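Dear colleague,

I am handing over the structure we spoke about, and below it I have set out what was found. Please keep it open beside this message as you read.

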Amino acid sequence: MDIVGKRVRVKAKGRIFEGIVMPSFTDCLVLKLDNGYNVGFKDYEILEVVEEKTISFPTPKLERREGLPSVKIISTGGTIASKVDYRTGAVTSQFTAEEIAGDVPELLDICNVDAMLLYNILSENMKPQNWIELAREVYSSIKKGYDGIIITHGTDTMHYTASALAFMLSTPVPVVLVGAQRSSDRPSSDAAMNLFCAAKTAISDLGEVVVVMHATTSDDYCYIHRGVKVRKCHTSRRDAFKSINFPPLGKVDYPSGEIAWFVEERFRRNERELELRDRLYDKVVLIKFFPGLKPDVLEYYYDKGYRGFVLEGTGLGHVATDWIDTIRRISEDSLVVMTSQCLWGRICDRVYDTGRYLLKAGVIEGEDMLPEVALVKVMWLLGNYDLEEAKKLVKVNLVGEITPTTKYE
Amino acid sequence: MIDYDAVGLKVGIEIHQQLDTKHKLFCNCPTVQRDVEESNFKFFRYLRLKRSEIGEEDRAAKEEVMRSRRFIYKAYDTTCLVEADEEPPRELNMEALKIAVQIAKMLNMEFVDEVHVMRKIVIDGSNTTGFQRTALIAFDGYIDVDGQRIGIATLCLEEEACRKIEDRGDVVVYSLDRLGIPLVEIGTYPDITTPEMAKKVAKKLGMILRSTGKVKRGLGTIRQDVNISIRDGARIEIKGVQDLDILDKIVEYEVIRQLNLLKIRDELRERKAEVVNEIFDVTDVFANTKSKVIAKAIKSGGRVKAILLRRFAGIVGREIQPGRRLGTEFADIAKTFGLGGIFHTDELPKYGISEEEVAKLKEKVGAGDEDAVVIAAGDDIRVERALRRIIERAEYCLIGVPEETRKANEDGTTSYLRPLPGAARMYPETDVPPVRITKELLDVEIPELIEDRAKRYVEKYGLSYDLAYEIADSEYYELFEEFAEKIAPTIVARVLHIIPAELRKEGYDVSVLEERHFRTALKLIADGKMAKEGAEEVLKVFCQNPNASVDEVLKTLSKAGDLDEFIAKIVEEKVDLIRERGEHAFKPLMGLVMKEFRGKVDGKVVAEKLMKAIKMKIAELS
């Protein structure tokens, strides 16, 4: 009989205990005692199953208020939606979007919220096919007339999804990705404030894909990062997301919700027509060069049919000179883009001989694009254009992924 | 005199003792106290209430979040991202677990097989996470105190909370240095039946803990919580008793408080009193008030609001503990909502509030002579929330004693802190894997108890019990035993305990003295290089210069020796001068001594010794 979740009386250590049986992943019986503590016993005897205790959460109903903009929350999983899993004892995503809204009641003062659970996956399990489905969902939601879209997302690959949406979707309204670095079942979670700031952004004068996350370790304000200029730069801090090679578009103060814009050259609400180009070519690879890495790795992918190669080179954009022959060979019918593992700064392959040889061999400079953004861009370009056109467009700024000048931030 | 048997007093004690480990419980930071001035970074957060694992919301936690305060945290170069809640915890500190196991064995406890770390929801900001990590290690032990067996219910290993630096009402400042220091929480069963016994049990537990030699000492490293109930009363948890000597008083005062609340209940019921469930805005009554508090609140955009307690007149002002009235309890609640306090009609007109204003106030809320009105002023939402809570509290006056967590005050009274937390405030700390209590872990040595050691010292070394206990309880007991074999034990005890106490009284900073200093002094005596009388001088030198070398110390000693001789000689030679001028002979004699010793011995030391010698001579002469 499965007794997990049931209340039992147990004999252990010569004493009688009563409590609720918790899931265990060792050979111990884990009991939640009435004082709240969980304890594990190796040798025990169950005397009685006292009563059933079912675990259920009341789902708050979302009420519609006249005169408020309407925002759709699409939940994809991740820490922002995670809570304790009884089976594994680990944190996993379980909340629906409604429950997230229920945890942050002040959202309902900002907008009318509709919520849907598209996925319940951790962001490391996201696939390009998920980006496509998500883009379609966002597209149809905007078409239905929502004033803004919020996507709750795991933080690990949020910047990939943001890039994918930015390229696939020409949007007249804000599309805001938001996550949390502390799971939302903790009192100190950053989920509520991030979500609040995301909602403020979703109803603002903006028409592009952005990431809204804590700007500092304090609960003072969130940054609105351009989706194609942002990257997770810390494993655990709340302010893990940094805009790179471009300032954040603005900030949302907490708890006032006031937005201060830093960047004038941003897409405004209704500036662009709604349009979806949702094809992605998935034979694209991102390769990080390191001293000693042999060009075989290129051959391997090329033989597997890959035709998009984003290199994360050293410094200004270099790989070892013994790669040049291979690159020359594959670039004839592939798109080979150079980015830098420095992340900050612009590619320039005209300074050193290696760079000049690479250009001659067919490498295209990825300008100041982040490697992950270049990866997604190449996927999108090869999915929607022929190779020659893609080779031209990869160096052209389409949605803010390339800036014409590099400035001090 | 209260008959504690008759009122059905039951007391349980919870002791929180910091452990002296190298690292914190869930990170590799050192367990050191810091000066707030040394903080190199600060940040702030808010906390929110989340459902616990079985979906119940904890009442105590809920009240905290309603106050929505801002918490500022001070970080140091000795704290890391784990304390800042910016990095997941490391695995449980095994050094701390071993100490906890040892203590549990000394308390005759039984162990769980697998330790599960829990998150105990505490959202007063004292933990950056909004919860305290805690794990139940052992249960069901006992200690014997004065022939009575007191059961020990549980022993938990927990992380210490932040140190509170400042409470500005809506903003609280915490220091991260203390957060994460391992501590054991030991809870007795409610087997204690008198205030005196409560104190004795606490003392005994403290002694057992110190006997391990692995617990921190000093102010704030041990705290007692006391659970008190009487028949018809309620369970009250009193937090943070730091001074053991007032523990009995705290118990006594709590019994008095509960008895008084029960009397109030009976009287209110007889009067058919009731609480009107309405909050009245009375700001306009105080438009031209002379009350500074209220005027200030109105000026900064706040409101003045009132509640009406029908037939409560005289009762709100009634004393329930020495110096504390029922109204004080209401004021405590207001304070927890970030307000300064409350006013009530039993004490008015007073505090700049005029008789006319009181009359207008009563008229506005429809209060008669037998009614009481409570008012609060400040931020609208805070006032509203605080008064709603006070209405609840006032209603409970008709029911009896509410279960509460209270805070110990220095005079033995207590103040309201929050409602008693329920068991729902615990859920698993999923970032920390469970730890198996293995045979090896349980194979720890039980140290000699300080009280047993003291008895041994009495028998073996012939010390008085009190002195023996002091030595046995000190961190230098091993040093004592080592030298008690070489020189007279009373001399060793004098060097280790009595001389430092005397020096402290004289104003020396004896806190700088370490084992090596005492060892030097004792070794000089044991090696015959110094008479036992020299120890005082040696320790004095070390107090002033902890890094003095043995040679330097000996030099000072010999100089001091020469000086003593010289002073004795001068005093004899100039005895006539002393006879004639008494203490006024000091000045000319000082000149003579300094002529010889200037630059060799500190003038202050010379003056001290000379004055002493002159006084002794005068005494001898008269």
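This is a predicted model: local features need pLDDT of at least 70, side-chain atom pairs count only at pLDDT 80 or more; totals for chains, interfaces and linings use all residues.

The crossing in which H11(B) passes H12(B) is right-handed. On the H11(B) side the contact is made by Ile450(B), Glu451(B), Arg453(B), Ala454(B), Lys455(B), Tyr457(B) and Val458(B), and on the H12(B) side by Tyr465(B), Ala468(B), Tyr469(B), Ile471(B) and Ala472(B). Sorted by class, this contact of H11(B) with H12(B) has 9 nonpolar and 3 charged residues, with no polar ones.

As for chain B as a whole, there are 20 helices and 24 strands, and the C-alpha trace spans about 95 × 70 × 55 Å along its principal axes. Of the 622 residues in chain B, 56% are buried, while the chain exposes about 27,600 Å², of which carbon and sulfur atoms supply 48%.

In chain A, Phe25(A) lies in the loop between strand S2 (15-22) and strand S3 (29-33), and because its relative accessibility is 55%, Phe25(A) counts as exposed. The C-alpha atoms of Phe25(A) and Lys127(A), which are 102 residues apart along the chain, are separated by 30 Å.

Conventions. Residues are numbered from 1 along each chain as its sequence is written. Chains are lettered from A and ligands numbered from 1 in the order in which they are written. Side-chain values use heavy atoms; hydrogens and water are left out. A crossing is left-handed if the near helix is turned anticlockwise from the far one by less than a right angle, and right-handed if clockwise. Helices (H or I, at least four residues) and strands (E, at least two) are DSSP runs, numbered from the N terminus. Contact means heavy atoms within 4.5 Å. Ala, Val, Leu, Ile, Met, Phe, Trp, Tyr, Cys and Pro count as nonpolar, Asp, Glu, Lys and Arg as charged, and the others, Gly among them, as polar. Buried means under 20% relative accessible area, exposed over 50%, partly exposed in between (1.4 Å probe, protein chains only). Accessible areas come from the Shrake-Rupley method with a 1.4 Å probe; for residues, only the protein chains shown count as cover.
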